[in-house]
Amino acid sequence: MEIIHLSAECYPIAKVGGLGDVVGALPKYQNKLGHVAKVVMPAYQTKFMQENEFEVVYDGWSKLGFHNFPVRIFREKTNKLGFDLYLVHISGLMDREKVYGYDDDTERFLAYQISVLDWICQWEHRPDVIHCHDHHTGLVPFMMAYCQQFRNISNVPTVLTIHNAQYQGQFGWDKLHYIPSFDLWKSGQLDWRGAINPLASAIKCSWRVTTVSPSYLDEISFRANGLEDLLAQERGKSVGILNGIDNDVWNPSADAMLEKQFSVKTVEAGKKANKAALCSVFNLDPEKPLYTFIGRLVGEKGADLLPDIFYNALHQANGDINVLVLGSGDPQVEGRLNHLKDVFPGNYNAYIGYNEQLSHQIYAGADFLLMPSRVEPCGLNQMYALRYGTIPIVRRIGGLKDTVIDIGDAGFGICHDQTSVWDVNHAMGRAYELYLDKKKVKEIRKFMMQLDHSWDNAAQQYIDLYQI
Ligand code: ADP
Ligand code: GLC
């Protein structure tokens with residue numbers, strides 16, 4: 001089958017969170033199964049663009065409202081990512097350093113979506129499926145189904161994967177003219193509660209909908225930032241497929257970013273060396289348990305509670321634990337997390353920012369990884385932690401519920417029910433007791449590292465789904 005993935009992120013070209021990891025891996029594993037999976041994404045001004053070789057495969061013009069603009073599409077020449085990568089260059093709109101966060105994001109992602117469809121319409125053949133990821137590509141199923149301009153490809157099946165229903169990309173009806181012409185009585189397919197809502201439209205118009213874990217699919221009929229009723233109505237065409245992880249990128253026995261590589265057999269020595277290196281950089285004591293948090297500092301992740309969680313834990317432990325944070329997001333949370341450095345020097349540290357290499361080093365060197373998420377459609381951090389022998393402390397929600405089993409249920413992680421300071425502190429206390437039982441920790445680490453969360457299985461589930 002020929003599968004076209006459309007996404008705003010794809011690792012290693014541009015990654016803000018797990019969406020990038022997924023789109024950078026899934027196509028590769030689909031190709032390994034004998035299919036032809038391609039990624040078509042915006043050409044941002046990133047290092048990848050400057051450091052690699054490309055050929056131009058398309059030069060054309062597209063239209064956003066009354067504005068005509070030139071589009072150039074590049075293909076990465078060497079296929080080094082394990083899939084064909086196409087980058088859509090739109091001068092002045094896409095060629096910026098950041099992926100999101102601009103006032104004209106609506107215009108940017110609409111221009112990208114329209115350009116991609118204009119290009120695909122000119123192909124001599126039709127792909128077997130167009131797979132859209134999140135709201136940035138959410139108007140594609142509508143436009144393919146209803147815009148006269150894309151009539152050629154209206155029979156190509158579309159699949160939407162919801163990585164996070166919190167973000168929907170809604171904008172006002174005053175921008176309706178951006179969307180190429182269609183019979184206006186179809187407008188209802190764009191609407192959700194009085195606005196044009198790309199995620200809602202994709203849920204309505206795509207042939208199939210997936211979520212990134214089965215539990216998240218169950219949860220969003222009750223809690224999905226206003227889309228609950230719609231998701232409940234469309235449940236019949238929806239399925240939850242648990243994300244995998246890219247075992248080539250996340251492999252502690254071959255990870256060049258680590259101080260020392262390690263396998264199941266050498267996990268104790270390997271983690272010790274990585275922990276020592278990390279503790280020396282961050283002025284922490286390698287003899288004490290190391291708790292960490294890695295991620296976006298936003299409400300969904302429970303990040304607003306982290307300063308209080310860590311203050312309490314460090315205060316009560318009286319110097320017996322270490323905490324290290326890697327993240328960026330809400331400036332207030334960033335400030336409070338930075339402030340704790342002065343309160344608990346030698347036991348607490350934080351790197352506020354994005355650092356891919358450091359994230360690998362922390363997964364390898366830490367004892368425990370916290371994920372007190374309020375919403376977690378899948379979560380990849382816990383799966384990376386498992387593979388690197390770090391015990392996850394997670395809230396029982398979404399994908400966390402589907403991947404982590406509590407030690408009390410003969411499992412390998414520590415689970416709690418609420419995103420509350422008390423619950424997380426209690427879980428950290430249980431982790432501390434576990435840490436003292438060295439034999440048990442050793443057993444758990446070996447067990448976790450052998451769990452199979454690779455993409456092989458999920459890649460096939462998507463292929464089965466595409467046979468619509
Ligand atoms: P989400 O996509 O909601 O942010 P996931 O758990 O699916 O959550 O994926 C997060 C990804 O982003 C992981 O690869 C994680 O290691 C990475 N990540 C998050 N914050 C940072 C950071 N500050 N520095 C480096 N990597 C980060
Ligand atoms: C989203 C979700 C996260 C998921 C990721 C990849 O960003 O917040 O839980 O793991 O997408 O699907």
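Modeller: Let's start at ligand 2, where a polar side-chain atom of histidine 163 lies 2.7 Å from an oxygen atom of the ligand. This is a predicted model, in which local features need pLDDT of at least 70 and side-chain atom pairs count only at pLDDT 80 or more, while totals for chains, interfaces and linings use all residues. Residues are numbered from 1 along each chain as its sequence is written, chains are lettered from A and ligands numbered from 1 in the order in which they are written, and side-chain values use heavy atoms, with hydrogens and water left out.

Colleague: Thanks! How many residues surround ligand 2, and which are closest?
Modeller: There are 13 around ligand 2, and the closest are His163, Asn243, Glu376, Cys378 and Gly379. A residue counts as near a molecule if one of its heavy atoms lies within 4 Å of it.

Colleague: Which atom of proline 377 lies 3.4 Å from an oxygen atom of ligand 2?
Modeller: For proline 377 it is a backbone N or O atom. Asparagine 164, in turn, has a polar side-chain atom 3.3 Å from an oxygen atom of ligand 2.

Colleague: And ligand 1, which residues come nearest there?
Modeller: Lys15, Gly18, Asp21, Arg296 and Lys301 come nearest, out of 19 residues around ligand 1. A polar side-chain atom of lysine 301 lies 2.7 Å from an oxygen atom of ligand 1. For tyrosine 363 the corresponding distance from a polar side-chain atom is 2.8 Å, and for asparagine 381 it is 3.0 Å.

Colleague: Let's zoom out. How is the protein divided into domains?
Modeller: Domain 1 covers 2–244 + 456–466, and domain 2 covers 267–452. Those bounds come from an automatic or database domain assignment. The centres of the two domains, taken over C-alpha atoms, are 33 Å apart.

Colleague: How many residues are in contact between them?
Modeller: 20 residues of domain 1 are in contact with 17 residues of domain 2, where contact means heavy atoms within 4.5 Å. Together the domains bury about 1,500 Å², 53% of it on carbon and sulfur atoms. Buried area here is the accessible area (1.4 Å probe) that two parts lose on being put together, summed over both.

Colleague: Which residues form the salt bridge across that interface?
Modeller: The rule finds one there: lysine 15 with glutamate 356, the closest N and O atoms being 3.2 Å apart. A salt bridge is a side-chain nitrogen of Lys or Arg within 4 Å of a carboxyl oxygen of Asp or Glu. Helices (H or I, at least four residues) and strands (E, at least two) are DSSP runs, numbered from the N terminus.

Colleague: How many salt bridges does the structure hold?
Modeller: The count is 26. One of them pairs aspartate 246 with lysine 28 at 2.8 Å, N to O. That pair links distant parts of the chain, 218 residues apart: aspartate 246 is in the loop between β11 (238–240) and α8 (267–281), and lysine 28 is in helix α1.

Colleague: New topic: where is the cis peptide bond with proline 12?
Modeller: That bond joins tyrosine 11 and proline 12, with omega about 5°. Proline 12 lies in the loop between β1 (2–6) and α1.

Colleague: What about the phi of asparagine 79?
Modeller: That phi is near 60°, a positive value in a residue other than glycine. Asparagine 79 sits in the loop between β4 (67–76) and β5 (84–89). Most residues other than glycine have a negative phi, and most peptide bonds are trans.

Terms used: Polar contact = N/O pair within 3.5 Å; in protein donor to acceptor, adjacent residues only side chain to side chain.
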